[in-house]
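Me: I am learning to read protein models, and I would like to go through one with you, feature by feature. Could you give me the general idea each time and then the case at hand?

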Amino acid sequence: MLLSLLKILFFFAVVLVISLGAVQLSETGQMLRIEYGGTEYVLTPVKAVVALLILMVLAWLVFKALGLFLAFVRFIAGDETAIDRYFARSRERKGYAALGEGMLAVASGEGKLAQDKAAKAEKYLNMPHVTNLLSAQAAEVAGDKARAGQVYRTLLDDDRTRFVGIRGLMRQKMDEGDTATALLLAQKAYALKPRHRELQDTLLDLEMREHDWKGARQLLKDKRRQGDLPKDVHIRRDAVLALQEASEVLAEGNSISAREAAISANKASPDLIPAAVLAARSYIAQKDYRNASRVLEKTWSVRPHPDIAAAYAEIVPDETPGARLARFNRLIAKNADNEESRLLKAELLLAAEDFPGARRALGDLAEKHPTVRTLSIMAAVERGEGADDSVVRGYLARALTASRGPQWVCDKCHNVMSDWAPVCDSCGGFDTLTWREPESVRQVATATKGAEMLPLLVGAPKHEPVVEPATEPAAQPTVQDMAPEKPAERPKPRRVEVADVAPGMVPRERDYVTVEPASTITTPEPAPVRTEAQPELVIVSTPPTRPVDEPVLIRPDLASPEEAEWTEGKTRP
């Protein structure tokens, strides 16, 4: 606002000064007299000023015409002049227009059009570092890999485009699958621009593919020094790379270097399970059992894992089940509420043949979180306590469709791997594996489709019939008297269930739907012992609407063995 006010005041001041000057000149009585060729010219002050301005304009035009004439003379003589510059600017305009259109064609994926525009830009512009780059990109879009590689090699000759040429050749080698050559090119490009983030990630990926763990660790150190990587992330990733380096060194037979690298990785990241296991086994090889136990117990307190328990067992491999249980109580106490600790304790109690203790240790895991491991432990507990075979088979049948529990799962693509690795096999993500239960498997495990058919598959528990001795002769029993009593506390079973019927029994038609006997049961239950007061009866269930010649089903538990041998399909005499 203040600036605008100042501009207005300055404008009025200038107008005022000019006006006052014009008034002053008009009021003066002096005249300008000019005599030329015997002629006298008398001019007033105002006319004199106007004549001076016209004279100045004419002088400027004369000088411009003289300069144009001299430029034309130099052009005739072969010198560069304004005319030449005019045509040069015209070529530049055409070249830049072709360059812009070529870049748009590359962005839109029109390879042929981009190549034509690149050739036109190269014709009009004397800028090879720009036009060659456009030509290489156009050749890549058009699918001409050979032409693109040739142009990228041309870019290597110019210091301004050397990085672009190396990067382009590196990408071509990566597309061809030549990771060794791509790694060498990436290292050269990194030497030119060490702060290029995309190149850093590419170089790290290539170094891990080629198992250059030392180079990868050095690259992470450079990123940490440049401030591109947080300290905690750098420590974690460096520990992962150190662990993988230790594993490969150990595979080559150099146990001393592997031991040092494993211990270093475990100190850097105590929650890294493979590093803790490898470090503990390194201590065990040195017979340093105290440090081995300390490492495993520390990792168990953070993240329990079966591999930690296996390595803990290797500390004293020949101990008795009771002694092992007493020693493992120290490890379990580090994280007693964890599910893995409860499963481990149940397994140790099973090995010590303490089946009630194993059941108490397992608790309600088989119902709240049924997995293959929990159901297998419950089956072993039932077997150890002498339960019926059908109960054991029931748990094992449920284990067939249950979840496998926690596994190594990639947080990026949800790929499941059997063993830990620093890089995911599916997506190539670095340090993305986590010990957890896959979400998809958990959803499948919770769905109990067909679980109601398990009694038909494994059979029902066998119950021996109970016969009460008769104290005195009774009247002739009727069919209603001989019918089995239904427990009052049990609801009426569903029509398709056979859980309350002994193997080989065919339910009565008036109570249940008629079903075929289970094909897996071939031996019928023995008939109950009859007494003198209970005469031999054959109980037939015949609906009122049944035809005379239709087969009648006979209860084998109430008929005599001779007459009740699978009388299905036999007609009544």
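This is a predicted model: local features need pLDDT of at least 70, side-chain atom pairs count only at pLDDT 80 or more; totals for chains, interfaces and linings use all residues.

Me: How many salt bridges does the structure hold?

Reply: In general, side chains of opposite charge can pair when their charged atoms come close. A salt bridge is defined here as a side-chain nitrogen of Lys or Arg within 4 Å of a carboxyl oxygen of Asp or Glu, and the structure holds 23 of them.

Me: Which parts does the salt bridge between D201 and K223 tie together?

Reply: The side chains of D201 and K223 meet with N and O 3.3 Å apart. D201 belongs to helix α9 (residues 197-209) and K223 to helix α10 (residues 213-226), so the bridge ties together parts that are 22 residues apart in sequence. Helices (H or I, at least four residues) and strands (E, at least two) are DSSP runs, numbered from the N terminus.

Me: What separates D222 and R225 within helix α10?

Reply: D222 and R225 are three residues apart in helix α10, which puts about one helical turn between them. They form a salt bridge whose closest N and O atoms are 2.8 Å apart; D222 is buried at 13% relative accessibility, while R225 is exposed at 57%.

Me: Which residue forms a salt bridge with K368?

Reply: The partner of K368 is D364, with N and O 3.1 Å apart. K368 is exposed, at 69% relative accessibility, and D364 is partly exposed, at 30%. Elsewhere, salt bridges that share partners join E319, R324 and R327 into one network.

Me: Now for the strands: in what sense do β1 and β2 pair?

Reply: Strands of a sheet pair through backbone hydrogen bonds, either parallel or antiparallel. Two strands count as paired if DSSP finds at least two bridges between them. Strand β1 (residues 32-36) and strand β2 (residues 39-43) pair in the antiparallel sense over five bridges. I34 stands opposite Y41 in β2, and Y36 has T39 as its bridge partner. The hairpin has two residues between the strands, and G37 takes a positive phi near 65° there. Of the five residues of β1, the number buried is zero, so this strand lies largely in the open.

Me: In what order do the strands of the open sheet run?

Reply: The three strands of this open sheet are ordered β4-β3-β5, with antiparallel pairing. β4 (416-417) and β5 (433-436) stand at the edges with a single partner strand each, so one side of each has no neighbour in the sheet. Strand β3 (residues 407-410) pairs with β4 over two bridges, and V409 stands opposite V416 in β4.

Me: Which residues form the nonpolar patch on the surface?

Reply: Patches are made of residues with over 30% relative accessible area and no salt bridge, where like charges are joined within 9 Å and nonpolar side chains (Val, Leu, Ile, Met, Phe, Trp, Tyr) within 5 Å. Accessible areas come from the Shrake-Rupley method with a 1.4 Å probe, and for residues only the protein chains shown count as cover. The nonpolar patch consists of F63, L66, F69, L70, F72, V73, F75 and I76, which together have about 830 Å² of accessible area. F72 lies in helix α2 (residues 45-77) and is partly exposed, at 45%.

Technical notes. Residues are numbered from 1 along each chain as its sequence is written. Side-chain values use heavy atoms; hydrogens and water are left out. Buried means under 20% relative accessible area, exposed over 50%, partly exposed in between (1.4 Å probe, protein chains only).
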